Amino acid sequence: MASALSTDLLTAWPEIILAVGLCLVLVVDIFLKDSYRDVTYLLSIFLLAGIAWSLLGAGAGGETTLAFGGSYISDPLSRVLKLFAVAAVATVFLYSRPYLRARGLHLGEFYVLGLFALLGILVLASSYSLLVSYLGLELLSLSLYAMVAFNRDSPLAAEAAMKYFVLGAIASGTLLYGMSLVYGVTGSLNIGDLQATIGTAQASSLSLWVGLAFLVAGIAFKFGAVPFHMWAPDVYQGAPTAVTLFVGTAPKLGALALAIRILVEGLPALGDLWQVMLAALAVLSLVLGNVAAIAQANLKRMLAYSTIAHVGFILLGFVAGTPEGIQAALFYTLVYVIMASGSFGFLVLLSSRGEEVETLEDIKGLWQRSPWFALMMVLLMISMIGVPPLAGFYAKWWILSALLETNHVGLAVAALVASVIGAYYYLRVIKMMLFDDGGQAHAGGVPLDVRVVLSVNVLLLLLIGLLPDRLLELCARAAALI
Amino acid sequence: MFTTFLFYALSTVLLAAAIGVITARNPVYAALFLILAFVASAVLWLLLEAEFLAIVLVLVYVGAVMVLFLFVVMMLDINVTTMREGFLRYAPVGAIVAGIIVLELAYVIWFRSDGLPVGAQLVPRDGAYSSTEELGKVLYTQYLYPFELAGMLLLLAIVAAILLTMRHRPGLKVQDVAEQVKVQRGDRVRMVQMKSESE
Amino acid sequence: MWPVASLSFLQTPWLALPELVRYLLVLVGQILALTIVVVLCVAFLTYLERKVIGYMQNRIGPNRVGPRGWFQPFADVIKLLVKEVVIPSSANRFLFVIAPLLSIVPALATWAVIPLFPGFAIADIDAGLLYVLALTSLGVYGVILAGWASNSKYALLGAMRSAAQIVAYEIAMGFALVGVLMAGGSLNLGKLVEAQSGGLFSWFWLPLFPLFIVYFVSGVAETNRAPFDVAEGESEIVAGFHVEYSGVAFAIFFLAEYANMILIAALTAVMFWGGWDSPFAGPLLGFLDGTILEVLRLPGIHWLALKIAIFLFCFLWFRATFPRYRYDQIMRLGWKVFIPVTIVWIVIEGAMAALRVGPWNT
C-alpha cells in the first residue's frame, strides 16, 4: 500500500511541485513589501522552470502510467500539453511584469492565480476521471474569473468578470450534469472504464446522448466556440491586456485536454454523434468568428473573434476523428498558443509604459516608429492567416488534409472559405501598421527581456514553419496512444 | 415497517420544503425552507445508516453555509416582486427544462435498474461497521488525488475572495493592536508633583 | 438496593410490555431525568453567578428569598412565567415565537452523547464528536432569527454580531476538536474518555494544552458570555438580539445561554480533562489501593460534575474580571490568533504522533 502510494506521488510529481510551490509563493508574497514584488515574480519563474525540468526528466519516452486508482494518467499527450502550458504561463508572466507595474497592478496575486490556473491545466492534461477533470476545470476557471476582475477600478473589467463568471458557472453546471448522466448510465467516472464499458447496447441510450450533449456544450464553452462564445469578446476586451494574454493562451491547452480525454478517450463509442455536434459548432465558429472580426475596431476584440475562428479549426480536427485528426488538432492548438501569446504579447509590450494600446488606430504607422516589432506583428498576422512558410500554414494544412482523408469535403471547403474571409482583417492590421499614419504606439522604453522573448516567440513560428517535423512528430507520438 | 413510515414522512417533508424554497414570497422563509430540506435529507441518510454523511450535511450546510446565506439575505433588501416580474414569461421554458431533467433522471434510474434490481444490494451492516472509518479510508487512498485537488480549489477560492475584496486604501486609519498592548502607563500619564494651591 | 427491591411488584407488568415500548420508556425516562437535572443546574447557576460575582465585588448578592437566598432562582422563574409575553406589532410572529425554541433545543439535545459515567451515554453513537459540532452550530439560528423577527434595529445588530462571532469561533473550536480526535483516535466521546484514562497527567489537556485553551475560550465566545458579550452589549445595543423578548420567551433564551455554558464546561471536561475519570487514577498513587482512599481512584459521574463545576466557576470568574472586548478585537482574536494556533498545533500533533511522543507512545 505504502509503496503504491509513493509511486503514485512520484508519477504526479509536476502537480505536487506546483501545488507546494505555489503555496510557498503565496506565503512569501504576503511578507514582501510592494517594492520587492519582483521576488514573487522570480520565485514563480523558478518554480515553472523546476516543473519544466521535472517534466523533461519524467521521461520523453512513450510510456503510459496510471496512478491514484486510475484517476491520473501520465502519457506523451499529457507531457506535451503540460510542457507547453508551463512555457506559455512563464511567457505570460514575463510579458506582463512591466505592463502591470505601470498600472499599479503588480500584485503577487497575479502570479499566484496564474499558478493556480496552471495547476488546473496540468490536472486537466493528465486527468483520467470525470471527477478530476471537473476539479481541474474549476481550478482553471476560478482563477481566470478572479484574474479578469483583477483591476478593481475598471468597470469594464468588473462587467467582463461578472459575465464570465455567470456564464462559466452555467457551463460548469452543464458539464457536471452531463457527467452525472454519463455516470448514471455507466456507473463509473473513470475514463478507462467508460471507454471499456460503453458497448453498442448502451451507445443507443437516450440518457447517454443527452449527457453527451451537455458535455459537448460545456467543453464548447470552455473553448469559446459559437454559440457558447458570448463571453469571449467582452472578457478579452474588458480584462487588463496582461490577463487577456493569459486567458487567450494556456487555458486553450486545458480545454483541448478536456475534449480529448472526455470525448476521444472516454466516449469513442459515441464518436459519430459528437463528431456531428462538433462539426456544427466548428462551422458556426468559423463563420461567425471571421465575419464578426472584420467589424471590430478594438484589436483585443478582434483577436477574440479570431480566437473563435481558430477554435473552429481545432474542433474540425476532432470532427475528422482519426488519429491524424487529433494530431492535427493538437498541433493546431500548440501553434495557436504560440501565435496568441505573440499577438497579445505584442499588445502588452506596446502598452507597457502605461497608456493603453488596443485599437487599430493606435498602431497605425508603427512601422515608422518601431520597425522591428511591426515586422514581428506582420509575421504573426501572416501566420494567423495561414500563409507558408509560417507555422500557421501547417496547422491549417494538416487539419484540412485530415478532413479530406475522412471525406469531409464540404467542411474543408467551408473552412477554407472562412479563412479567406478572415485574411481580410489580418491584412488590414498589416496595412495599417505599414502604410497608414497617425498612431501613437511605439515600443520605446520596453525592458530588454520582454523584447527578446517576444522576438523569440515570433521567430519560433517561423522556425516551426520551416522545420515542422519535430513538433509534428511530438504530436503524432502523443496522439498515437489515444 | 417503522422505517418505511419514517421514509415516507421525511420524504414528504423534504419535498414540501423544496417546494417551499421556490414558492416562498419572503427570501428569509425560502432560506429557512432550504434548511428544513437539508435537515430532512440528513435524517433520510441516517435511515440508510450513513451517519457520517448525515451529520456532516447538517454541520456544513445547515451549520455553516446556510448561516452565512441567511446573513446575506437578511442584510440585502431583496424586492421579491420585481424579481417575479418575468416569472410568467419564463415559466414555460423553465417548465420544459425541468421536465426534461426529470424525465432524464427517471430514465437513468430506470436504465440502471434494468440490470440491477433496486435495493438488492442494500444489506444492513453489523454494529462494528463504521461508515465514518470506511469513508475516511476511501477518501485517503482511492480518492486521495481528487480530495487534495478539492482542497486546492478551496484555497484558490480564499485567495480570489481576498484579492477581490481587500484593498489597501491609502490614508485609512487602523488600530495596531500590538502597539496598543505595548503601551505603558508612563506613555500616557505624567505624574506631577505640585503644591496645593488653595490656601 | 432497597428501592429496586420494593418496586419488584412492578416487574411482571413491566416485562409484559412489548420490547419496543420498554425501550422507548427507558429512553424517555433517561432524557427527562437528564433534562430536569440540567434545567435545575441552570437555575442554581444563575444564583451562583450572582453570589460569586457579588463576593468578587465585595457585595453579598441575593439573600432575601429562602435561607441565604437559595430560593431566588424559583422566585425569578415564577416572575418570568407570570409576566406578559409582548410580541411587537410588526414582528414576524411565527419566527419570533419559534426562535427561543431553536436556541434551547440544540443546547439540551447535545447532552445525549455526553458520557456521564463509564460505559454510559444516552446515545452512545460512533460519530458523537461530529454530532456535538453539528448541534452546537445550530444554536446560532435561534439568535439570528430572534434578531431578524423582532423587526428592531438593535436586535438585528445584536444578531449580526452574534452570528459573525459564533461562526468565527466555531472554526477554531472545530479545529481544536480535530486535535482531540487525533489524540483519542475515535469520534465516540466515550472512547475519547477511555483513551484518557489514567489520572491527571494522562488527560489530553497536557499534550493538547494550546487546543484546550483555544477550545475553552472559544466556548466562552460561542456562548456570548463576558468578555465576548458584544452581542448583548447592554451599554451599546441595549440587550442585543433578545431586546424585544419578555416573559417566558425571554426566560427560554436565558435558559439556553446557561445550558450552553454548562454544555461547554461538560465538553471541555470530557475532551480535555478526562470526563468521568478520577484525577488520582494514575499508577503514581497505586499505593492507595486496598485502603479506604481507594474510592478516590474510582471513576464516576461525581468527577465529571466536579470538573463541570470548576469550568463553570471560570465562566463566572471571567465575567467578573475582564472588561468587554471590542468587536473588531473579537474577530481578530478568533481569525488571526486562534485559528492559526490550532492549525499549527495540529501539525505539531501530527509530528508527535509520527514520532510516538506523549499519548501516542504505545
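**View 1. The surroundings of A:L118 in a predicted model.** Leaving aside neighbours within four places in sequence, A:L118 is in contact with A:L18, A:A85, A:V86, A:V89 and A:A250. Two residues are in contact if their C-beta atoms, placed from the backbone, lie within 7 Å. This is a predicted model: local features need pLDDT of at least 70, side-chain atom pairs count only at pLDDT 80 or more, and totals for chains, interfaces and linings use all residues. Residues are numbered from 1 along each chain as its sequence is written, while chains are lettered from A and ligands numbered from 1 in the order in which they are written.

**View 2. The largest nonpolar core.** This core has 210 residues. Those with the most contacts inside it are A:A85, A:L118, A:L119 and A:V148. Helix α16 (residues 323-350) of chain A gives the largest share, 19 residues. Another core, of 120 residues, lies apart from it; among its members are C:I114, C:A121, C:A256 and C:L312. A nonpolar core is a set of buried Ala, Val, Leu, Ile, Met, Phe, Trp, Tyr and Cys residues joined through C-beta atoms within 7 Å. A residue is buried if 20 or more other C-beta atoms lie within 10 Å of its own.

**View 3. Helix α7 of chain C.** Helices (H or I, at least four residues) are DSSP runs, numbered from the N terminus. At 1.5 Å a residue, the 32 residues of α7(C) (residues 153-184) should span 46 Å. The expected span is 1.5 Å times one less than the number of residues. The end C-alpha atoms of α7(C) are 45 Å apart, which agrees. Of its 32 residues, 25 are buried, so α7(C) is largely enclosed by the rest of the structure. Just after α7(C), C:G185 takes a positive phi of about 70°.

**View 4. Where chain A touches chain B.** Here 29 residues of chain A are in contact with 20 residues of chain B. α6(A) gives the most to chain A's side, with eight residues. That side divides into 20 nonpolar, six polar and three charged residues. Ala, Val, Leu, Ile, Met, Phe, Trp, Tyr, Cys and Pro count as nonpolar, Asp, Glu, Lys and Arg as charged, and the others, Gly among them, as polar.

**View 5. Where chain C touches chain B.** Here 17 residues of chain C are in contact with 18 residues of chain B. α6(C) gives the most to chain C's side, with nine residues. That side has 13 nonpolar, two polar and two charged residues.

Definitions and conventions:
Helix = DSSP H or I, 4+ residues; strand = E, 2+ residues; numbered from the N terminus. Buried ≥ 20, exposed ≤ 12 C-beta atoms within 10 Å, placed from the backbone.
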